[in-house]
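Student: I am new to this structure and would like to learn how to read it step by step. Could you take me through it slowly?

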Amino acid sequence: MSTLQSLDIKRRSATTAPSPSVRESAEVAKLIDISKCIGCKACQAACMEWNDLRDEVGHNVGVYDNPADLTPASWTVMRFNEIEVGENLAWLIRKDGCMHCSEPGCLKACPSPGAIVQYANGIVDFISENCIGCGYCVKGCPFNIPRISARDQKAYKCSLCSDRVAVGQIPACAKACPTQAIYFGTKTDMKNHADGRLQDLKSRGYQTAALYDPPGVGGTHVMYVLPYGDRPTDYSGLPANPRISPLVELWKGMAKPVALAGIGLAALLGFFHYVTKGPNEVEEEDEEKARAMADRENGGRS
Amino acid sequence: MKGGGTVGRYTAGSRANHWLTAICLILLALSGMAFFHPSLFFLTDLFGGGVWTRIIHPWIGVVLMLSFLGLFLRFWHHNLWRREDSRWMASINDVINNREERLPEVGRYNAGQKLVFWLMSLAVLLMFVSGLVLWDEYFAAYFTVDQKRLAGVLHAAGAVLFCFILIVHVYAAFWVKGTLRAMTRGSVTGGWAWKHHRKWLREEIRTPAKGTGD
């Protein structure tokens, strides 16, 4: 939601011209190691604290999830799920929030120039001053992340602490995590680190442990180490193969140039019809024939 | 026919109704286009910026829906498809080439006008329904995200259909001279009626009270 950071911009919503791209920066990523997460919600508290957000106090709905869902003021939330693995119970806790896709559906869907940007380091950020509140980002997102505030109709989500990252700090959630389940660094380093974690998990019997970096959205800049990598949806609905909806691809892709060209062509067709076939005009003889018809029908009364 | 050789075609009420609809449609096209393609986003400046355009657009849509409903109720019975309409459509080549004399006699509306009427009705309905699904400020909670995605595609498709019909409708009024005055002054010349809507002219001469629009 912040103003522009001192970060280079790679992609900008509703902008067809390329961004400055001479300088190259390393891509960053947050790696969330679910096998180390104890569900303490320190990351949630740190997120509120750093971003200066205070959600309304809600109600206990009988589960550990608190708040029950992401909101405009809660950009990350721990989601709890219980599954049976063989004869054992497994308690799955996933820190949900923006995945910072390499190909962000929100950015593709956004009609307002510069309301959503992707920095060169991969972070996807909402620039609230440019947000017009249409909610298209919600439709574009394959992870159900952006939330529209009832107060100002603007969209909010995790910024991956772009303001901290811009000055060389790690995101607040990573800083606060007491078990170091949240790592932050270059994407390459995070993938390497994940490899080590997966080896460790496999050696301890988690044969299907996997890194979640879904290719359908070009990979993400928030990745998970999943102990049960073959069943991502058990982690409170983490999509197995996320991708931008084909409907959004059509609406925000081909439809735009094809429709504009079609409309332009129709207008041109009209113009050329006029200059080749000419106007369809009523002649004086038509008026006479009309008068004759009137006389005939009325017996000359008119 | 009245003195001076003119025939009444639209009442003042019909004309006002038509132009209210037209104004709404143009404002909707301008504001909607701004969201459809990045290169047209500058059009939001006409409405006070992006946020205001987002706020105003659906409300204009509501006015259009009500206004068009008025037009629909006034004109639907004039637009029922008749056998000569199919014959008229079959001779579309003569229409395009200004060979009016080869066409069957036409009543109050020709097949092209009827097509515009029905397609417009369809487009308004489609746009209104899909527009409600997209109107997050008030209706976000009532629809699933997949319904909203589909609504986005349909709203865009309907908008394109709208633009095509609008181009045909406006161009026809410009191409066929003497047409526009029906909507600005309410009447057409006898010659215009004789040339383009002879059957209607005959009916008008026989029973002049009928067919002034309502």
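**Reading a model, one feature at a time**

Tutor: A residue counts as buried if 20 or more other C-beta atoms lie within 10 Å of its own, as exposed if 12 or fewer do, and as partly exposed in between, with C-beta atoms placed from the backbone. This is a predicted model, in which local features need pLDDT of at least 70 and side-chain atom pairs count only at pLDDT 80 or more, while totals for chains, interfaces and linings use all residues. Residues are numbered from 1 along each chain as its sequence is written, and chains are lettered from A and ligands numbered from 1 in the order in which they are written.

Student: Where does Leu238(A) lie, and with which residues is Leu238(A) in contact, leaving aside its neighbours within four places in sequence?

Tutor: Leu238(A) belongs to the loop between β11 (222-226) and α7 (246-252) of chain A, where helices (H or I, at least four residues) and strands (E, at least two) are DSSP runs numbered from the N terminus. Two residues are in contact if their C-beta atoms, placed from the backbone, lie within 7 Å. With those sequence neighbours left aside, Leu238(A) is in contact with Arg94(A), Tyr212(A), Pro232(A) and Thr233(A).

Student: What order do the 4 strands take in the open sheet that includes β11?

Tutor: Strands of a sheet pair through backbone hydrogen bonds, either parallel or antiparallel. Here two strands are said to pair if DSSP finds at least two bridges between them. The order in chain A is β9-β2-β11-β10, with mixed pairing. The edges are taken by β9 (182-186) and β10 (210-212) of chain A, each with a single partner strand, so one side of each has no neighbour in the sheet. β10(A) and β11(A) are antiparallel over 3 bridges, and Ala210(A) has Leu226(A) in β11(A) as its bridge partner. Helix α6 (residues 187-203) of chain A packs on this sheet, touching β2 (28-33), β9, β10 and β11 of chain A, and its direction makes about 135° with that of β9(A); axes are lines fitted to C-alpha atoms, for helices over the stretch in contact, and angles run from 0 to 180 degrees between N-to-C directions.

Student: Which residues of strand β5 of chain A are on one side, and which on the other?

Tutor: In a regular strand the side chains alternate between the two faces of the sheet. In β5 (residues 116-119) of chain A, Ile116(A) and Gln118(A) are on one side and Val117(A) and Tyr119(A) on the other, and all are buried. Strand β1 (residues 9-12) of chain A runs antiparallel to β5(A), joined by 3 bridges, with Arg11(A) opposite Gln118(A). Strand β6 (residues 124-126) of chain A is also joined to β5(A) by 3 bridges in an antiparallel arrangement, and Ile116(A) stands opposite Phe126(A). In the hairpin of β5(A) and β6(A), with 4 residues between the strands, Gly122(A) has a positive phi near 100°.

Student: How many residues does each chain give to the contact between chain A and chain B?

Tutor: Chain A gives 46 residues and chain B gives 44. On the side of chain B that touches chain A, α7(B) supplies the largest share, 13 residues.
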